[in-house]
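This report walks through one protein model, from overall form to single residues. Please keep the sequence and the coordinates open beside the text.

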Amino acid sequence: MDLKLTGKVALVLAASKGLGKAIAQTLAAEGAKVIIGSRDKTELDKVAAEISALTRNKIVAIAVDVSKSDELSAFIAKAAETYGHIDILVNNAGGPPFDKFENFDDGAWQKAFDLNLLSVARTSKAVLPYMKPTGGGRIINIISGSVKAVLANSVLSTAMRMGVVGMAKMMADEFGPYNITVNNVAPGLILTDRIKHTLPKDVDTETAMKEKAKAIPLGRIGDPTELAALVTFLASQQASYISGQTIQVDGGASRAIY
Ligand SMILES: NC(=O)c1ccc[n+]([C@@H]2O[C@H](COP(=O)([O-])OP(=O)(O)OC[C@H]3O[C@@H](n4cnc5c(N)ncnc54)[C@H](OP(=O)(O)O)[C@@H]3O)[C@@H](O)[C@H]2O)c1
């Protein structure tokens, strides 16, 4: 299937590793002009060169801390200047820390808000002037399966992602007339550094992963490319009538019916 992504300008945030990197690579392989952003410029440049070599497509790397308003504005302005317009925005960021509700103070809540909720509002607003004139666009937010089924110690993530779900519904409603779709992709357990760090340390990684996989109907932890495939489809022309949705990529792990 030709996803008709050739030449589309796609911004992928938090893309120096993990889910963001896999999304950037898949979009680039489909012919999109990808601009990646995260904080560590050295790492980002390395990843841009790596994806570029693999996909034979140019990748532009712009350093940005998505929790900082001025850096986000500069990122969007530079990205828009690079190709003149923006077609696809993938909102992604690092995840907030895991712990019990009672252990988080105001500072931790504020950081999670800036990183995982306010950043989505800021970028989505900032890309509008560049998407509207092109006659359409795609906004895709990477959130978490915890919006469908509670996950222990994930109160900061859950609270912020629920905000993104509500905001995406509102944005889908308001941006529909501009032919801009807005959707959320909710990972279950996908093997990235973030997940590796949460595995129990008293057994080897393979044993720990097998143990975790027992709770997943497909019997394994997911691969970042499996999530990237959905994001790339949602970014495509073929996904033109899907908006306001939250779609899980979790191997069937969530037992919630709605
Ligand atoms: N993997 C999963 O199974 C899973 C499940 C549920 C939810 N999620 C969520 O999905 C998102 C991505 O997770 P991941 O597993 O890909 O994590 P990861 O492998 O740890 O990668 C995190 C990426 O985010 C970037 N980043 C972190 N803080 C940033 C900031 N302030 N500004 C810009 N970039 C930033 C990092 O680069 P720098 O450090 O250089 O900035 C890195 O590229 C997270 O929000 C996570 O909570 C993941």
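## Contacts and model basis

Among contacts between residues at least 6 apart in sequence, what percentage join residues at least 24 apart? The share is 74%. Contact here means heavy atoms within 4.5 Å.

The model is predicted, so local features need pLDDT of at least 70 and side-chain atom pairs count only at pLDDT 80 or more, while totals for chains, interfaces and linings use all residues. Residues are numbered from 1 along each chain as its sequence is written, and side-chain values use heavy atoms, with hydrogens and water left out.

## Overall form

The protein has eight helices and seven strands. Its radius of gyration is 18 Å, close to the 18 Å from the globule rule for 258 residues, so the protein is as compact as a globular protein of that length. That radius is taken over C-alpha atoms, and the rule is 2.2 Å times the number of residues to the power 0.38. Helices (H or I, at least four residues) and strands (E, at least two) are DSSP runs, numbered from the N terminus. Along the principal axes, the C-alpha atoms fill a box of roughly 50 × 40 × 35 Å.

## Surface and charge

Of the 258 residues, 47% are buried. Buried means under 20% relative accessible area, exposed means over 50%, and partly exposed lies in between (1.4 Å probe, protein chains only). The accessible surface comes to about 12700 Å². Carbon and sulfur atoms hold 55% of that surface. Areas come from the Shrake-Rupley method with a 1.4 Å probe; for residues, only the protein chains shown count as cover.

There are 29 positive and 26 negative side chains. The centres of the two sets lie 4 Å apart. Lys and Arg count as positive, Asp and Glu as negative; His and the chain ends are not counted. Each charge is placed at NZ of Lys, CZ of Arg, CG of Asp or CD of Glu.

Start with strand 1, residues 9-13. Five of its five residues are buried. Val9, Leu11 and Leu13 sit on one side, Ala10 and Val12 on the other, and both faces are covered. In a regular strand the side chains alternate between the two faces of the sheet. Strand 4 (residues 88-91) is also covered on both faces. There, Ile88 and Val90 are buried on one side, and Leu89 and Asn91 on the other.

Now the pairing, which requires at least two DSSP bridges between two strands. Strand 1 pairs with strand 2 (residues 33-37) in the parallel sense, over five bridges. Val9 has Lys33 as its bridge partner in strand 2. Strand 1 also pairs with strand 4, again parallel, over three bridges. Leu11 has Leu89 as its partner there. Strand 4 in turn runs parallel to strand 5 (residues 137-142), joined by four bridges.

The contact lists below leave aside neighbours within four places in sequence. Thr246 belongs to strand 7, residues 246-249. Ser144 is 102 residues from Thr246 in sequence, yet their C-alpha atoms are 9.7 Å apart. Contacts of Thr246 are Ile143, Val147, Lys148, Val165, Asn184 and Ala186.

Is Asp65 buried or exposed? Asp65 counts as buried, at 12% relative accessibility. The residue lies in the loop between strand 3 (59-61) and helix 3 (69-83). Asp65 contacts Arg39, Glu71 and Leu72. Tyr130 lies in helix 4, residues 106-131. With a relative accessible area of 29%, Tyr130 is partly exposed. Contacts of Tyr130 include Ile76, Ala77, Ala80 and His85. Ile86 is another contact; Tyr130 and Ile86 are 44 residues apart in sequence and 5.5 Å apart, C-alpha to C-alpha.

## Backbone checks

Most residues other than glycine have a negative phi, and most peptide bonds are trans. Lys4 has a positive phi of about 55 degrees although it is not a glycine. Lys4 sits in the segment before strand 1. At 47% relative accessibility, Lys4 is partly exposed.

Arg56 also has a positive phi, near 55 degrees. The loop between helix 2 (41-55) and strand 3 holds Arg56. Arg56 counts as exposed, at 80% relative accessibility.
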